[in-house]
Amino acid sequence: DYASGSDLETDFPTTYEEGSPLADIHFDYDSAALTEPARAMLERHAVWLQTRRDLRVTIEGHCDQRGTVEYNLALGEQRARAAFDYLASLGVATDRLRTVSYGKERPLDPSNNEEAYRVNRRAHFSVSR
């Protein structure tokens, strides 16, 4: 069962998607490499998670709508794994983390334009107890 936002007091802005106090990170086209902004956000996430050791995180890998289902499932897994590995390198216990790939199956924005593609290339962090 997922913790409600009211259970997760943070100093993060409240504009993040309901259900997770941890902001998405974004990826470049056809890439699972962490960008500098993504690394900086993951560093903030690691600090927050170190103070809340009762929480677990599912890292969801997502892609834009281009490419095959199979290709995007693999790329989504690589994106989730990149975030997982970086959080682990920052001291977050790996038994608190899991990954899942949704490929292109759960776009935030179903439009077919560059802005939609940009927001859909992401790792999303679902927090639970």
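Okay, let's start with the helices: helix 1 (residues 36–50) and helix 2 (residues 69–89) pack at about 55°, and their axes lie 10 Å apart. Axes here are lines fitted to C-alpha atoms, for helices over the stretch in contact, and angles run from 0 to 180 degrees between N-to-C directions. Helices (H or I, at least four residues) and strands (E, at least two) are DSSP runs, numbered from the N terminus.

Before I go on, this is a predicted model, where local features need pLDDT of at least 70, side-chain atom pairs count only at pLDDT 80 or more, and totals for chains, interfaces and linings use all residues. Residues are numbered from 1 along each chain as its sequence is written, and side-chain values use heavy atoms, with hydrogens and water left out.

Back to our pair. Who makes the contact (heavy atoms within 4.5 Å)? From helix 1 we have Arg39, Leu42, Glu43, His45 and Ala46, and from helix 2 Ala83, Tyr86 and Leu87.

Two strands pair if DSSP finds at least two bridges between them. Strand 1 runs antiparallel to strand 4 (residues 122–128), and 2 bridges join them. If you want a spot to look at, His26 stands opposite Arg122 in strand 4.

How values were computed
Contact means heavy atoms within 4.5 Å.
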